[in-house]
Amino acid sequence: MNSTGDTSGLMPIHYAKQLMQKAISPISEVVLCDLNACLDRIIAHDIVSPINVPAYDNSAMDGYALKYDSFIACETLRQVGKSFAGAKFEGQLKAGECVRIMTGAEIPKGADTVVMQENARVDGKQITFHSVTKDDAIRRAGYDIKQGATVLQAGTRINPVDIGLLASLGINEVDVYRQLCVAVFTTGDELLAAGQAQRNDRIFDSNRPMLIAMLSRLGARVIDLGIIADNKVKIQAAFEHANQYADCVITTGGVSVGEADYTREVLAQYGSIDFWKLAIKPGKPLAFGRLSNSIFFGLPGNPVSAAVTFDKIVAPALAYLAGSRSFTAVTLQGVAIRDFKKRPGRTDYQRAHYFVNDAGIVSVEPSGSQSSGVLSCFRKSNCYAVFESDTGDVLKGEPVQVQPFNHIISE
């Protein structure tokens, strides 16, 4: 029995993730990034609001601003002016007065209530009110964000709404961690690049373009080293180049036990291998190791295996490397509406389809072939049905863990 307590020779996923986190040192270099270029970058320091939002008390609706005590004294008040967004009423309300006000306009001095226009009857400058509630329809300065409040924490990946939020605070530059750089190549004499002439003894390389796209959605800068032949010297040269310029090196193929699988051999020469068999399905032959300047992931050659292992193992590790404070999959509790086939021994991420039925129950079913070579199954799926390693077949009506696809996999 090994140190993990596993007799199969496959490392459990939770143990592998602990090992990777101990082996990875997150990026520490900080750069100043223009707001328009910081989508998907990782915030390096807490961002504190320099202003109140809104900056001043303003009206939540079109209507009339007044002092509530004036209404109590007399339901009919005299309109003495108007207040618009960007053109406030400059005076101060006196007893018996009101001001016409538009949504977003600053509350005049002396007013403490806004009455919607539907609750007002207009007779020239004489306005008669009903259904008045003190302090109603006023958005106070700082009710959304108070000056000095932390609006985004260090380690947050910046999304489009965050950019709008920062712009609303007048912030146009953000301290972020430098961009993660990842080198990618595939190995195999049988591979053709998309666009090359088809050959019956070759297959097109789908893994590298897919991984490059996934890395782009993580906000990484990618060095594409192309397809490397099954040649130890060429694979060695690719590793040397990647290790010199990248934080992480990702390959697909070449990590199993075939006679021409040189990747593990070269990696053992230039670095260390922490594990190369993982208790995950699809994707058992998955390697993780370290070179002198970078970390390494060797993904399986089958495209579904490469996609799943990147999504569930590599992406969280890269998020941690890039400085992100969290990368947690959303998990729902569902019910199988068809049988799922499962053999004990590995954590299984089956491609599935889920929906919420009329009773509000998350219903899930397998979505076609679970073969590690059938990449099109993802187009029929919107989630993983997750089965722990000791689970066997799951029958209709039994509970199933559901993890909806994240933005790396889905559109």
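This is a predicted model: local features need pLDDT of at least 70, side-chain atom pairs count only at pLDDT 80 or more; totals for chains, interfaces and linings use all residues.
A crossing of two helices is termed right-handed if the near helix is turned clockwise from the far one by less than a right angle. The axes of α1, which spans residues 13-23, and α7, which spans residues 303-322, come within 11 Å and cross at roughly 25 degrees. Because angles under 35 degrees count as roughly parallel, α1 is described as roughly parallel to α7. On the α1 side, the contact is made by Ile13, Lys17, Met20 and Gln21, and on the α7 side by Lys312, Ile313, Ala317 and Tyr320. Classified by residue type, the contact of α1 with α7 comprises five nonpolar, one polar and two charged residues.

Helix α7 also packs with helix α4, which covers residues 207-217. The axes of α4 and α7 come within 11 Å, with a crossing angle of roughly 30 degrees. This angle makes α4 roughly parallel to α7, and the crossing of α4 past α7 is right-handed. From α4, the residues Asn207, Met210, Leu211, Met214 and Leu215 meet Pro303, Ala306, Ala307, Phe310 and Leu318 of α7. Nine nonpolar residues and one polar residue make up the contact of α4 with α7, and no charged residues take part.

Open spaces were examined next. The largest pocket has a volume of about 1,200 Å³. It is lined by 45 residues, of which Lys17, Pro316, Phe327, Thr328 and Ala329 are the closest to its centre. Lys17 is also one of the α1 residues in the contact with α7. The elements that give two or more residues to the lining of the largest pocket are the helices α1 and α7 together with the strands β23 (347-356), β25 (383-387) and β26 (399-404). Helix α7 supplies the largest share of this lining, with seven residues. In terms of class, the lining of the largest pocket contains 20 nonpolar, 17 polar and eight charged residues.

The second largest pocket holds about 340 Å³ of space. Among the 15 residues that line the second largest pocket, Phe378, Arg379, Ile408, Ile409 and Ser410 are the closest to its centre. Here the largest share of the lining, four residues, comes from α4. The lining of the second largest pocket divides into nine nonpolar, three polar and three charged residues.

The structure holds one cavity of 30 Å³ or more, and the largest cavity contains about 110 Å³ of space. Its lining is formed by 14 residues, and those closest to its centre are Arg157, Leu180, Leu218, Gly219 and Ala322. The largest share of the lining of this cavity, three residues, is contributed by α7. The lining residues of the largest cavity divide by class into eight nonpolar, two polar and four charged.

For the second largest pocket, by contrast, the largest share of the lining comes from α4.

How values were computed. Residues are numbered from 1 along each chain as its sequence is written. Side-chain values use heavy atoms; hydrogens and water are left out. Axes are lines fitted to C-alpha atoms, for helices over the stretch in contact, and angles run from 0 to 180 degrees between N-to-C directions. Angles under 35 degrees count as roughly parallel, over 145 as roughly antiparallel, 65 to 115 as roughly perpendicular and the rest as oblique. Contact means heavy atoms within 4.5 Å. Ala, Val, Leu, Ile, Met, Phe, Trp, Tyr, Cys and Pro count as nonpolar, Asp, Glu, Lys and Arg as charged, and the others, Gly among them, as polar. On a 1 Å grid over the protein atoms alone, a cavity is a set of points where a 1.4 Å probe fits but cannot get out, and a pocket is an open set with protein on both sides within 12 Å along at least five of seven lines; lining residues have an atom within 4 Å of a point. Grid points are joined across faces, edges and corners, and a volume is the space filled by probe spheres set on the points.
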